[in-house]
Structures are given as structure tokens and as C-alpha cells.
Amino acid sequence: MKREWWHNKVAYQIYPKSFYDSNGDGIGDLKGIISKLDYLKDLGVDIVWLSPIYVSPLADQGYDISDYRDIDPRFGTMDDMDELLKEAHKRGMYILMDLVVNHCSDEHEWFRKACEDPEGRYGKFFYIETVKDGKLPCNWRSYFGGPVWERLPGHEDKYYLHVFHKKQPDLNWENPDLREEVYRMINWWLDRGLDGFRLDAIINIKKALPFRDYPADRDDGLTTVHNMLKEAKGVGVFLREMSDRTFKPHRAFTVGEVFNERPEEIPDFIGEGGYFSSMFDFAETVFGQSEAGWQDNIDITPDDYRNCVFETQKKIADIGFISNIIENHDEPRGVSRYIPEGDQSPESKKLLATVYFLLRGLPWIYQGQELGMENIPVASVDEVDDISSIDAYQVALDAGWSEKDALKLIGKYGRDNARTPFQWDASENAGFTAGKPWLRINPNCREINLETEKADPDSVFHHYKKLIALRKSGEYGDTLVYGELIPYLQERHNVMAYLRKSKEQTLLVLANFQREPQTLPLPGKVKKLLLNNLPDDPQITEEIRLAGYQAVVLELSRE
Ligand code: GLC
């Protein structure tokens, strides 16, 4: 595999609305991010992805863009953006924006013009169909609930397609004119000095056409969009064109939000000369998800988690460089999900951090993850902001769940969990804002916050710093970045272990993913203990005795 400048970096996702509010309006902003660049630099972060900050009605928190070439005033100005780029580059950091081009906002000028003249240039930017006798063109269900078809404002008989919210009309990628507009916009940003993009929902840009029904999978008579995506062929043609026309000439870094890729497609996606630099591993994210709704989801156990991760590692092998996460702005907090309920502690959080961070691939940290931020309980549906949670709540009620139990589902799976403001300190609003925060603050900010954790050398925060330092160290960095990953003791219950092996070194990451201690065999002689998440060193003979939720990194001798 060809070595790239970004392979040994550490990436970080910022959800700007909840990161840091500089002006007291309760909403995080670009000036807030600029003021925290030194924090990120000190943590060891190199690449920063910002969730959308473009002009938007915020129906889906910025994933509904009404002007791709400007900053939403709630987040700041174009000058602030230029300053952010300048300040980041000064510190040797890279900034990525979110590229949301499967759809725009229904308040985008293109869509307004499409409503005025559906047959005209802009009408062809969207999927607009004439409907006779009330029969919609197909029975797909939008990701946020209800049919994907919505009546085109001002037209009795015309409907437009939206696979997400009705305020997110899908752009018609079959139209070369639309594609040109998108490429111009991407190049405009890259020419301004942006370093790259995270590609939102990108697989959805190719539809299986003509529109047709698929078997219904719920009582509503609708079918998941995934059934259509399985049949949609040829997304690669669009991705290749986009990459050749924009990312490649700028040598931009890109990371794709890609779900359910076919194994044979991986080389095209992230192999040498692939469409993207990297893509996220979602194998563990989607584990146990049911098409019927959250009420039918299955919990993930430590063994399932390990098996998902190893499957991805095997599938990707040397083809490319995957991006590893435990959470993002669409998912519950990783520590609340992958650590069995009731076992969340600084130790178990550090264990999870260790086992995912040292995998082969690019490690990503989602804001607050480095503090061990957790899910937030929900007392009433009125406090929920996330549109997908509100839909899933209703689906659970319709399936016969009580309000109380349906609320629990939101507390477990909802997107607000990761979107509550960053916990800077123990003060009333967690130091996030001097005003009223746009989304409630997790009450655990009194214990879980940066100020407290900075002062405690045994905190989750300091463990992340150690992991970053280890991956960047001159001594072990090369093995941790490029070394082969070989699963170890994969059949052992509640153990996650693997070797990272290069020509010169063999490292062993070994974790006891349960409360009870375990004694485990070692694959060789231990040369050095490099990292331990507990204060006491483990007993090492031919075997190693690990306490509950203990995780260690060992260097093995090579005789
Ligand atoms: C992606 C985003 C998510 C958004 C959706 C529609 O999955 O991560 O937040 O709602 O796309 O843009």
C-alpha cells in the first residue's frame, strides 16, 4: 500500500453547534472552534471534520443546505471560516467540511426555481414526477419516516423525491448539468484552501431507476430505501467523475460515509487511486439494527463488537486505510453502547478507547469522546430535538410500546445523545455557553468534564493523550500505523486482543472486556509493558492475569 501523509495522523469530528459558543447565543460557532484549536492541537489532533456550517434552515441540523457557498450566520461568517483555515494551517492542522450533495434544502434557490418551473433547468436538478390517481411513483420509506414523495409546492399533481426529510429534496445526479454545479462548488471550496471533505450519505446519489415498488416491510405498506440501494448499480461512475474533477487535482483528503458496500467495491472506493482517501467502518454501528424500528434492535455484546471489528479489518486488509470510530453525531455515545449497561467507568472507557484506537486505520475521535461523555436520559419527548428520534418513538408506540419504554429507546439510540454540548467544566452550562444552551446539557458534566479530567492523570482524557502519543511515537508509531493486524484469542469470551506486527516489532493489545478478572495465555515472551489502563501492573508469567476491564499494550520479544 502506498504511504500517504495522513496515515499517521489523528482525526477529530466537531459538531459545531455543540462545541463551544463564543457569543452567548447558546449555539456553538466558528469563533468558538478557533478559540479551541490549541486544545485540539495539544490533544494531538491533526485533521478536523466540521459537521455542516453552511446556510441552512437547520431542519436536519445543517444537513439541509440552502446555500453551499456561505456560512450560516448562527455559526459565523465567511471571514471566520477563512480565519479558521488560516489558524488551523498555522498549527499544521487540516480542516474538512461536510459535503452534503445527495440533497439540498427545500429553501435552496435551485428548489425554489424548480417549484416555479418544474420543466425548466432547475426542475431537472431534482426528481419530480407527475402523479395520477394518487398512486405515488414508488413505496420507499424515507429514512426519517413516511413516504419519500412530497407534493411539489404550487402543483397539485407533481411530487418530488426526498429519501431523508421532506425539507431535503434529492438532487438528480443523472443530470450532468447538476453534477457540473456540484463540482464547481467543491472546487470553489478547495481553491479557498479547504483540505477536504467528509462525504455525507454518498451512496444514495445513485437510484435504481425507473422507480418501482419493493415488498413492504412494515404495516405502513412502505419499504426501506436499502432495498432500492441493493439494486442501484453504477454509483462508481459518479464517484469517479467527482473525484477526477475535484478531489484528485487538489490532492484533497476525503472520507466517505459508506454503508453496506459490496466487498468487491472496496478497492474502487479506498484502494490506490480510489474515489476516496478513506471511509468509515460501520460494521459495529449497524450491528443488531432492525428495519422494523428501534424497538426490535438487538444489543451488541463485547464478543459481537470484536467480531465486527475484526471482520472489517480482514476485509480491508492491505487494500486501503479504513477510518475507525466508536461514535459520531448520528449514533449514541460509544461508551454507552459498546460497554455493557451498568459497567461504564473510567476503566472500561479506557479499555474501549485502547482496543479501537490501535486498530489498523485512521483513528477518529468525536468531540467529547476523549472525556468519556455518555448518553443522556430522556424524560419527555418534548425535550427531544432529533427528527429521526421523534419518528422512531412514534414507530415504537405504534408497535405497542408504552411511552416510558419508547423514551428509553431514544435514550439508548437517539442522535441527541452525541449532540449535547461539550463538557468543558463543571459549571452550570458545562462552560459551553454564557447563554441558554440550544440543547440540554448532560447532568453528569459535574464529574465528566475537561477541567476535572485534565487535573486527574488517571482520567479518560489522559488515557486518550497516551494512546495518541503511542501511535505517534518514533519507537512504535510505524508498527501501529502500518503493521499487520492479527486477531488473537478470538474464540475467548469477553476478550478483545490482537497483534500489530511489523518487520521489526510485535505488539499485543489485550483487553479483558468484563467485570471479572481473567487469566490469558500469551503468544510469546513479554519485552515491555507499553500501556495499562489500571494503576496496578498485571501479573505476567507464561500467562497474564488481567483484572476486570483491564487493557494493556505489550511489546513481545522476537526470538
Ligand atoms: C448523514 C448524516 C446525518 C444526516 C443524513 C442526511 O447520515 O450523518 O446526520 O441526517 O446524512 O443528510
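# Notebook: looking around a predicted model

I started at R121, which is partly exposed, with a relative accessible area of 35%. For my own reference, buried means under 20% relative accessible area, exposed means over 50%, and partly exposed is in between, using a 1.4 Å probe and protein chains only. R121 sits in the loop between α4 (109–116) and β6 (128–130). The helices here (H or I, at least four residues) and strands (E, at least two) are DSSP runs, numbered from the N terminus.

Before going on, I noted what I'm looking at: this is a predicted model, where local features need pLDDT of at least 70 and side-chain atom pairs count only at pLDDT 80 or more, while totals for chains, interfaces and linings use all residues. Residues are numbered from 1 along each chain as its sequence is written, and side-chain values use heavy atoms, with hydrogens and water left out.

Back to R121. Which residues does R121 touch, not counting those up to four places away in sequence? I found D177 and E181. Contact means heavy atoms within 4.5 Å. I also checked R121 against K206: they are 85 residues apart along the chain, and their C-alpha atoms are separated by 20 Å.

**Domains**

I looked up how the protein is divided, and got domain 1 (11–102 + 176–377 + 415–460), domain 2 (109–161) and domain 3 (482–556). These bounds come from an automatic or database domain assignment. Taken over C-alpha atoms, the centres of domain 2 and domain 3 are separated by 56 Å.

**Cysteines**

How many disulfides does a search of the whole structure find? I got 0. The cut-off is a pair of cysteine sulfur atoms within 2.5 Å. C138 is in no disulfide, and the nearest cysteine sulfur, that of C104, is 19 Å away. A reminder to myself: a disulfide is a covalent bond between the sulfur atoms of two cysteines. Is C138 buried or exposed? C138 counts as buried because its relative accessibility is 3%. I checked C308 as well, and C308 is buried, with a relative accessible area of 9%.

**Y68 and its neighbours**

Next I went to Y68, in strand β4 (residues 67–71). Y68 has a relative accessible area of 5%, so it is buried. I listed what Y68 touches, not counting residues up to four places away in sequence: Y54, V100, V101, H103, C104, H108, W110, L171, M185 and W189. I put S56 on the list of distances too: Y68 and S56 are 12 residues apart along the chain, with their C-alpha atoms separated by 9.0 Å.

Q61 is not a glycine, yet it has a positive phi of about 50°. I found Q61 in the loop between β3 (54–55) and β4, and at 8% relative accessibility Q61 counts as buried.

A430 lies in the loop between α15 (416–419) and α16 (450–454). At 0% relative accessibility, A430 counts as buried.

Then there's a cis peptide bond joining L209 and P210, with omega about -5°. P210 is in the loop between β10 and β11.

**D219**

I found D219 in the loop between β10 (196–199) and β11 (223–224). Is D219 buried or exposed? D219 is exposed, because its relative accessible area is 85%. D219 and A399 are 180 residues apart along the chain, but their C-alpha atoms are separated by 9.7 Å.

**Helices α13 and α14**

Two packed helices are described by the angle between their axes and the distance between the axes. I looked up helix α13 (residues 387–398) and helix α14 (residues 403–413): their axes come within 9 Å and cross at roughly 145°. The axes are lines fitted to C-alpha atoms, for helices over the stretch in contact, and angles run from 0 to 180 degrees between N-to-C directions.

Which residues meet? I noted S389, Y393, A396 and L397 in α13, against E403, A406, L407, L409 and I410 in α14. The residues of this contact divide into 7 nonpolar, 1 polar and 1 charged. Ala, Val, Leu, Ile, Met, Phe, Trp, Tyr, Cys and Pro count as nonpolar, Asp, Glu, Lys and Arg as charged, and the others, Gly among them, as polar.

My last stop was S388, also found in helix α13. S388 is buried, with a relative accessible area of 12%. Leaving aside neighbours within four places in sequence, S388 is in contact with F144, W294 and R415.
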